[in-house]
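Colleague: Can you walk me through this one? I'd like to start with the terms and then go to the details.

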Amino acid sequence: MAYVLLGIAIAAEVMATSLLKATAGFTRLWPTLACLGGYLLAFVMLSQAVKEIPVGVAYALWSGLGTATIVAIGAVFLGEPLGAVKLVGIALIIAGVVLVNLTGG
């Protein structure tokens with residue numbers, strides 16, 4: 001169940017981060033409320049997940065998968081460039097998450 005909560009935390013963080021541009025610097029009410037609500041949900045779910053998952057493992061998954069997903073969303077939906085260096089960086093993040101999980105249990 002802890003990994004389900006962590007999955008919800010990751011999804012909420014990705015949704016909230018995806019909305020940051022739409023908030024226009026937190027000047028637009030509804031995107032701002034949705035963004036802040038997403039971050040609140042993300043932290044609540046993460047705090048519940050770390051009751052059973054080691055903090056280092058949970059945070060590595062949360063931040064690493066969230067970062068990789070945001071880069072993909074930026075490239076696909078926001079027209080952000082996705083070059084070789086960025087792809088190598090994402091691969092290194094994913095490799096780091098894998099290493100932390102292999103040694104974190």
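Modeller: One term to begin with: contact means heavy atoms within 4.5 Å.

Colleague: Fine. What does L6 touch, leaving out residues up to four places away in sequence?

Modeller: L6 touches L46, A49, I53, A58, L61 and W62.

Colleague: And what sort of model is this?

Modeller: This is a predicted model, where local features need pLDDT of at least 70, side-chain atom pairs count only at pLDDT 80 or more, and totals for chains, interfaces and linings use all residues. Residues are numbered from 1 along each chain as its sequence is written, and side-chain values use heavy atoms, with hydrogens and water left out.

Colleague: How many helices and strands in the protein?

Modeller: The protein has 4 helices and 0 strands, taken as DSSP runs numbered from the N terminus (helices H or I, at least four residues; strands E, at least two). The order from the N terminus on is α-α-α-α. The C-alpha trace spans about 40 × 35 × 15 Å along its principal axes.

Colleague: Back to L6. Which residues have the most contacts inside the largest nonpolar core?

Modeller: L6, L46, I53 and W62, in a core of 18 residues. A nonpolar core is a set of buried Ala, Val, Leu, Ile, Met, Phe, Trp, Tyr and Cys residues joined through side-chain atoms within 4.5 Å. Buried means under 20% relative accessible area, exposed over 50%, and partly exposed in between (1.4 Å probe, protein chains only).

Colleague: Which elements give two or more residues to this core?

Modeller: α1, α2 (29–49) and α3 do. The largest share, 7 residues, comes from α1. For the protein overall, buried residues make up 30% of the 105 residues.

Colleague: How do α1 and α2 pack?

Modeller: At an angle of about 155°, with their axes 7 Å apart. Axes are lines fitted to C-alpha atoms, for helices over the stretch in contact, and angles run from 0 to 180 degrees between N-to-C directions. α1 and α2 are therefore roughly antiparallel to each other. The cut-offs are under 35 degrees for roughly parallel, over 145 for roughly antiparallel, 65 to 115 for roughly perpendicular, and oblique for the rest.

Colleague: What is in that contact, by class?

Modeller: The contact of α1 with α2 has 18 nonpolar, 3 polar and 1 charged residues. Ala, Val, Leu, Ile, Met, Phe, Trp, Tyr, Cys and Pro count as nonpolar, Asp, Glu, Lys and Arg as charged, and the others, Gly among them, as polar.

Colleague: And what about α1 against α3?

Modeller: Helix α1 (residues 2–19) and helix α3 (residues 55–77) pack at about 40°, with their axes 9 Å apart. That makes α1 oblique to α3. Residues in the contact include L6, I10 and V14 of α1 and L61, W62 and L65 of α3. By class it has 12 nonpolar, 4 polar and 1 charged residues.

Colleague: Last one. Where is L99?

Modeller: In helix α4 (residues 84–104). L99 is exposed, with a relative accessible area of 55%.
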